[in-house]
Amino acid sequence: MLKNVTGRFRPGGIGRNISWLLLHSGIEAAAMTFASLLVARWFGPASLGQLAILLAGVQLVTLLGDGFFPTIIKSVSEAKARNDPYAAFIGWRYAGVSVIALIFAAFSMGVISFFYYHSQVTLTLIVFAVALAIARGSRAVLDGCYRGMQEFRTPAIIGSACATLMAGGIIGLAASGYKVTMYILVMAAGMVLNCLLMAWAYRHQFLKGNASLTVAQAPKADFLRYSLPLALRGLSTFLFLNINVLMLGGLSNLADVGQFRLTNQFLIIPALILSSVLSAVAPRVSAAYIGGPRQLETFLGRVYGLMLALSIPLALFFLFNKPLLNMFFPAYGPASEMLCFFAPAMAVMGIAYAASIIPVQAGKPGLAFTISVVSGIVNVIAAYIGLRVYGVIGLAVATAVVHFLTYIASIVATHVAFGIPFRIRFS
């Protein structure tokens, strides 16, 4: 089945780039997920809740960087395609504009966090979180520069090495009794090192002889005009899970935040696995779309079959997680209960991810944007009502239902809007 979907990788070109991309994301996801789960076990719900509040704010700034990311790829790759000698410097110039915006957003986040959560987090923690937010967003921006230049190996090597170092440092400090402050410090230091190495390598590889480029050759107005809508779309993603952490931090207690944080950590694992697989087959989905409706229907059915084969075991794990979580995370009984509610959403998650490619390929990203924004707003309302009525369990149930309905809406809307019959094929 996998061969039918991914085809054969030829040396060089797309296959080589995807290989580096999957290697990087695989190593980073495995290292950081393993470290995060061990930290959850060693910290306990209250300390994990304190950490979750800080990381939710960091994620908000990171999503802003993710909004700049595709525009940088677009601008640099277009300049490179027309053999513009300043293609690399255009990316560097846009990266500078992005980092300024990220610094402003991160400091704003820090000030708001200090006044709203000052009884739960210290000023030192907020300063470290601000540094981590700037570094994470900057790494996304620099990654866009590299991808625009079709260079995947350098960021993969640097990112994998830094992620491994961070995970090792986090595990060592947590095992020694250090908690939230040192966790954030290690994360911030590792991410800053990642950015510095990527920036140095980019200048060394691509910017020789381009120092005379004027600002006029890289207009900031066009960059912001394209980037800000994408950033806003990314921020709507924040309204799904991370907003729940902040809501719990303001309306409940740190222990409840910690319980939901562990649930969220397990929800990230399927997303990483399915996204990595989908990134490998996305180029062939694009080719099938160009090939016409019949070819797209056949190939998409095979992709759905692959994603369903991956999703069902993940959903079963969520449904029957209790023995495993009780063994490794005995203090997180409510988190185990909350995971069960997300099993239906996990079952259809892979198919929804695959369906979401089609509107982008058709040049109609507005469909995905509308679904994302509407579902994010609905989730905020539903989660708030659930929290007020049944506490953290009510919040989890409401969020799980919104997740499931959003995935179903994404699948149905895509097939109705583009007139593609829905099929699932396992061969």
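How many salt bridges does the structure hold? I counted two salt bridges. Before going further, I note that this is a predicted model.

**Entry 1: the charged pairs**

I started here because side chains of opposite charge can pair when their charged atoms come close. I looked at Asp 143 and Arg 147, whose side chains meet in a salt bridge at 3.2 Å, N to O. Both residues sit in helix 5 (residues 123–148), four residues apart, which is about one turn of the helix. Asp 143 counts as buried, with 13% relative accessibility, while Arg 147 is partly exposed at 21%.

I then turned to Arg 423 and Glu 297, whose side chains form a salt bridge at 3.8 Å, N to O. This pair ties together distant parts of the chain, 126 residues apart: Arg 423 belongs to the segment after helix 16, and Glu 297 to helix 11 (residues 293–319).

**Entry 2: the cysteines**

I wanted to know about disulfides next, and the structure holds zero of them. Cys 162 is buried at 3% relative accessibility, and Cys 195 is buried with a relative accessible area of 9%.

**Entry 3: the chain as a whole**

I stepped back for an overview. The chain has 16 helices and zero strands. Of its 427 residues, 52% are buried. I looked at contacts with a separation of 6 or more, and 85% of them come from residues 24 or more positions apart. The accessible surface of the chain is about 18,800 Å², and carbon and sulfur atoms account for 69% of that.

Is helix 14 mostly covered or mostly open? It is mostly covered, with 11 of its 13 residues buried.

I compared notes with helix 9 (residues 242–251). Eight of its 10 residues are buried, so helix 9 is largely enclosed by the rest of the structure. The buried residues there include Asn 242 and Asn 244, along with Ile 243, Val 245 and Leu 246.

**Entry 4: a nonpolar patch**

Which residues make the nonpolar surface patch? I found Phe 341, Val 397, Val 401, Phe 404, Leu 405, Ile 408, Val 412 and Val 416, together making about 640 Å². Helix 16 (residues 366–418) gives the largest share, seven residues. Phe 341 has its place in helix 13 (residues 333–341). I looked up its cover too: Phe 341 counts as partly exposed, at 30% relative accessibility.

**Entry 5: two single residues**

I closed with a couple of spot checks. Ser 36 lies in helix 2 (residues 13–43) and is buried, with a relative accessible area of 10%. Which residues does Ser 36 touch once its neighbours within four places in sequence are left aside? I found contacts with Tyr 183 and Gln 265.

My other pick was Tyr 94, which is found in helix 4 (residues 87–117). Tyr 94 is buried, with a relative accessible area of 5%. I also took a C-alpha to C-alpha distance from Tyr 94 to Leu 142: they are 9.7 Å apart in space and 48 residues apart in sequence.

Technical notes: Residues are numbered from 1 along each chain as its sequence is written. This is a predicted model: local features need pLDDT of at least 70, side-chain atom pairs count only at pLDDT 80 or more; totals for chains, interfaces and linings use all residues. Side-chain values use heavy atoms; hydrogens and water are left out. Helices (H or I, at least four residues) and strands (E, at least two) are DSSP runs, numbered from the N terminus. Buried means under 20% relative accessible area, exposed over 50%, partly exposed in between (1.4 Å probe, protein chains only). Contact means heavy atoms within 4.5 Å. Patches are made of residues with over 30% relative accessible area and no salt bridge: like charges are joined within 9 Å, nonpolar side chains (Val, Leu, Ile, Met, Phe, Trp, Tyr) within 5 Å. Accessible areas come from the Shrake-Rupley method with a 1.4 Å probe; for residues, only the protein chains shown count as cover. A salt bridge is a side-chain nitrogen of Lys or Arg within 4 Å of a carboxyl oxygen of Asp or Glu. A disulfide is a pair of cysteine sulfur atoms within 2.5 Å.
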